[in-house]
Amino acid sequence: MASIVVIALVLILDLLAFVLAIGAERRRSMAYVNVDDVGRAYCVYSTDASTWYGVGALSLLLAGQALAMAASRCFCCGRALSPGRWRAFSGVCFVICWLTFVIAELCLLAGSVRNAYHTKYSGYFINGPPHCHMLRKGVFAAGAAFTFLTALFVELHYIFYAKARSAAAATPPIIHGGGIGMTRI
């Protein structure tokens, strides 16, 4: 049977990562153009909180994935699983959870890096106001959506893995004394 402690810890880590990714989307840096004492235009940015929210979400999602993979022995190590639907479901969820995990990590990492990138005097050598680089809306939201999907599929993978593992540990039933009936040949 699946460990309730592992399921709860992975769920808590992934939900915290989801909440931080949503918070990062809500607090992403905004910029506006200001003029200094000399008369040059420059960019002024709001808070960098979303960069740290994104890094926190990235770290928590990584910790949840590592915990689930350690508990399920990354689906390939350890004793063999019994063939059947639980192993098949576990394998499909394993592939999908890694795919969504990589996409979520890339979205959160790219959003954090891009949000931390600030320009100040980018329009210094050209005429007109400077172009203030800002993170596009929705990058952290995409990371949050894939974080949610990762949480769903990693939980399903672990539950199906535990069912397949318990089915492999069970002894097969002995039918009619266990012998091979070859007396009527």
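Visitor: Why are α1 and α2 called roughly antiparallel to each other?

Guide: In this predicted model, the axes of α1 and α2 cross at roughly 160° and come within 8 Å. Angles run from 0 to 180 degrees between N-to-C directions, and axes are lines fitted to C-alpha atoms, for helices over the stretch in contact. Angles over 145 degrees count as roughly antiparallel, under 35 as roughly parallel, 65 to 115 as roughly perpendicular and the rest as oblique. The two helices are therefore roughly antiparallel. Their crossing is left-handed, a term used if the near helix is turned anticlockwise from the far one by less than a right angle, whereas clockwise is right-handed.

Visitor: Which residues make the contact of α1 and α2?

Guide: On the α1 side they include V6, L9, V10, L13 and D14; on the α2 side, S50, Y53, G54 and G56 are among them. Contact means heavy atoms within 4.5 Å. By class, the contact of α1 with α2 has 17 nonpolar, five polar and one charged residues. Ala, Val, Leu, Ile, Met, Phe, Trp, Tyr, Cys and Pro count as nonpolar, Asp, Glu, Lys and Arg as charged, and the others, Gly among them, as polar.

Visitor: What makes the pair α2 and α3 roughly antiparallel?

Guide: Helix α2 (residues 49–71) packs against helix α3 (residues 85–116) at an angle of about 160°, with the axes 8 Å apart. That angle places them in the roughly antiparallel class, and they are therefore described in that way. The crossing of α2 past α3 is left-handed. The residues of this contact comprise 14 nonpolar, six polar and one charged. Among those that meet are L58, L61 and M69 in α2 and F94, W98 and F101 in α3.

Visitor: How do you know that the span of α1 agrees with its number of residues?

Guide: The expected span is 1.5 Å times one less than the number of residues. For the 23 residues of helix α1 (residues 4–26) this gives 33 Å, and the end C-alpha atoms are 33 Å apart, so the two agree. Helix α2 also has 23 residues, and its reach of 33 Å from first C-alpha to last is close to the 33 Å expected. Just after α2, R73 takes a positive phi of about 55°.

Visitor: Why is A151 called buried, and why is F89 called partly exposed?

Guide: Buried means under 20% relative accessible area, exposed over 50%, and partly exposed in between (1.4 Å probe, protein chains only). A151, in helix α4 (residues 139–169), has a relative accessible area of 8% and is therefore buried. F89, in helix α3, has 40% and is therefore partly exposed. The C-alpha atoms of A151 and G64 are separated by 8.4 Å, although these residues are 87 apart along the chain. For F89 and Y161, 72 residues apart along the chain, the separation is 8.3 Å. G64 is among the buried residues of α2, and D14 and E25 are among those of α1.

Visitor: What pattern does the protein follow along the sequence?

Guide: The pattern is α-β-β-α-α-α, with four helices and two strands. Helices (H or I, at least four residues) and strands (E, at least two) are DSSP runs, numbered from the N terminus. Of the 185 residues, 36% count as buried.

Visitor: What conventions apply to the numbering and to the model?

Guide: Residues are numbered from 1 along each chain as its sequence is written, and side-chain values use heavy atoms, with hydrogens and water left out. In this predicted model, local features need pLDDT of at least 70 and side-chain atom pairs count only at pLDDT 80 or more, while totals for chains, interfaces and linings use all residues.
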